[in-house]
Amino acid sequence: MSKAIEIENFSYGYPDGTMALSDIKLSIEHGQKVVLIGPNGAGKSTLLLTMAGFVKGTGKVFIDGLEVNRKNLKNIRTCLGSCLENPDDQLFMPTLFDDVAFGPLNMGLGVEQVKKRVADALQTVGLAGMADKAPHHLSAGQKRAAAIATILSMTPKIITLDEPDGSLDPRNRNNLIKLLGCLTQTLIIATCNMNFAAAIADRAVLMDKGQIIADGDAKEIMWDFKLMNGHGLEVPTARD
Amino acid sequence: MPAVPVSGALRVLVCEFGCTYQMHHAHIDKFAYQDSVIHRLDSRVKFIAVLVFTAVVISLPRTSLSILACFAIGPFAVLVLGGIPLRFVFKQILLVSPFVLVLALSCPLYDRTPLTVAFGPFLWRGTIGWMRCFAILGKFVVTMLALIGLVSTTRFNDLLAGLQKLGVPKLLVIQLGFLYRYIFVLIDRAHHILQARAGRKLRNLGFKRELRTASAMVGSLFIRSIDTAEHINIAMQGRGFDGRWRSISKLQIRRADLLFAIISIFFMLVLYIFVKPILQ
């Protein structure tokens, strides 16, 4: 069976010559919950964009067995849903319903099917009954949940989330942890918040300066004070 | 000479978009989410009614000031039935009025032909310029009442769906949708920038430096807008957007919509054909 994500020697540099990603090798099995941790500018977001086919560099990237290239892009984006860092970028339609329906409609689903998917996705994230709300009327926590619903409605096998805990208060962060814990899809989450990462992931990939520094069991990596401190990170404050 | 706070212009601009400096932007369209007999009407019917109403009011001769008051009854009834507070309505009219006031108040300056108007036993001696000025202001207030009645009782997404159904080009509808969605984000950003500036501006900087600050602020907003546009593009493509816009329309013409259309036509016809000749 093909792996969820397979990246072979991928490198990408900005036009000014700065390497955003250097010789990335990464393999993620289906169903794993993986956190990409690292300081600001480590290349976490760029790696997530690479998986969704938005960054072209050297090396090969496979999503669910499909090589990321122009020909496979539609299938890849049906299989892998990416949730951006700022929910305001993710929620661009006038109402929540239209936003959550946007993906399924582009997949060519029928009206009734789309309506069902929207209802199911909103139910999953706890926003049932708010379909007619405008995104600017939602709270930060609701916006985050709504952004995830826009991806869930496409029923992808893999979900990537960029800093999903950003600007969330503890209650909303806990709700998000519960929600992500319930999802059965492969999750790849980029975050700088170690408590959040420790609460979700079973595997951690530590990145710095565009390279993968460590890859393994989340607890082993995140509680290695020397390793974390050496890359400008902190260990989680509480175990489990 | 006191320095002019040029960056204050940005604040005025933010306010012109419908909020006071302290007021939260969510107030702009808060009444559109109420429920009333007017709110439940199909957006297409309301839009066409307002369009025709505006055309009829604009086509009235400039001497028909009293008929304008009769025409105002229509949008006034819509606002009352829709539960829109009149204080809010007049505030909105005041916000846009400076643009029309300039136009209206210039009329008495270039047309000073004497004119006498009789109000029953009373005579008013003025000029055609002043008559024009009052006509422009009257038509502005009446058409604004109708327009505010439309936008305050119709959710913007329903209005967009209605426009699309009426054949307005999809690209324009999409642009309007993005404008509505991101004007709130832009207002928020502008608000934050103004707060950041106010927090560090401890003295009057003088005209030149204020101008430089204002242009830097506008530039920052512009660059962040481009950044947002790039992210939206990623979000759209990530969800399978291939250049074709697909949507589900929930609009449906019902009996109440037909009744509203008939009442609107009847109201305008009666005023235009029967009442106007009497009052002119």
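Chain B holds nine helices and two strands. Everything shown in these views comes from a predicted model.

**View 1. Chain B from one end to the other.** Reading from the N terminus, the elements of chain B follow the pattern α-α-α-α-β-β-α-α-α-α-α. Chain B has 280 residues, and 24% of them count as buried. Among the contacts in chain B with a separation of 6 or more, 79% are made by residues 24 or more positions apart.

**View 2. The hairpin of β1(B) and β2(B).** Strand β1 (residues 114-119) and strand β2 (residues 122-127) of chain B pair in the antiparallel sense, with six bridges between them. To find your way along the pair, look for B:P114, whose bridge partner in β2(B) is B:T127. Two residues lie between the strands of this hairpin, and B:G120 takes a positive phi near 65°. How many of the six residues of β1(B) are buried? The count is zero, and β1(B) is hardly covered.

**View 3. Helix α4 of chain B and its bend.** Helix α4 of chain B covers residues 86-110. Its 25 residues should span 36 Å at 1.5 Å a residue, and the end C-alpha atoms of α4(B) are 34 Å apart, which agrees. Where does α4(B) bend? Look at B:S97: the helix bends there by about 50°, and a proline, B:P98, follows within four residues. The buried residues of α4(B) are B:V89, B:A104 and B:C107. Those buried residues pack against α3 (65-81) and α5 (128-153) of chain B.

**View 4. Helix α7 of chain B.** With 31 residues, α7(B) reaches 45 Å from its first C-alpha to its last, close to the 45 Å expected at 1.5 Å a residue. A bend of about 35° occurs in α7(B) at B:Y182, and B:Y182 is also one of the buried residues of this helix.

**View 5. Where chain B touches chain A.** Here 24 residues of chain B are in contact with 29 residues of chain A. On the chain B side, α6 (156-165), α7 (170-200) and α8 (207-238) each supply at least two residues. Which helix gives the largest share? That is α8(B), with seven residues. Sorted by class, the side of chain B that touches chain A has 13 nonpolar, seven polar and four charged residues.

**View 6. The six-stranded sheet of chain A.** We finish in chain A, where six strands form an open sheet in the order β6-β7-β8-β3-β9-β10, with mixed pairing. The edge strands of chain A are β6 (80-83) and β10 (211-217), each pairing on one side only. From one strand to the next, the twist averages 15°. Within the sheet, strand β3 (residues 33-37) and strand β8 (residues 186-191) of chain A run parallel and are joined by five bridges. A handy landmark on this pair is A:V35, which has A:I189 as its bridge partner in β8(A).

How values were computed:
Residues are numbered from 1 along each chain as its sequence is written. Chains are lettered from A and ligands numbered from 1 in the order in which they are written. This is a predicted model: local features need pLDDT of at least 70, side-chain atom pairs count only at pLDDT 80 or more; totals for chains, interfaces and linings use all residues. Two strands pair if DSSP finds at least two bridges between them. Axes are lines fitted to C-alpha atoms, for helices over the stretch in contact, and angles run from 0 to 180 degrees between N-to-C directions. A residue is buried if 20 or more other C-beta atoms lie within 10 Å of its own, exposed if 12 or fewer, and partly exposed in between; C-beta atoms are placed from the backbone. Two residues are in contact if their C-beta atoms, placed from the backbone, lie within 7 Å. Ala, Val, Leu, Ile, Met, Phe, Trp, Tyr, Cys and Pro count as nonpolar, Asp, Glu, Lys and Arg as charged, and the others, Gly among them, as polar. The expected span of a helix is 1.5 Å times one less than its number of residues. The bend at a residue is the angle between axes fitted to the seven residues ending there and the seven starting there.
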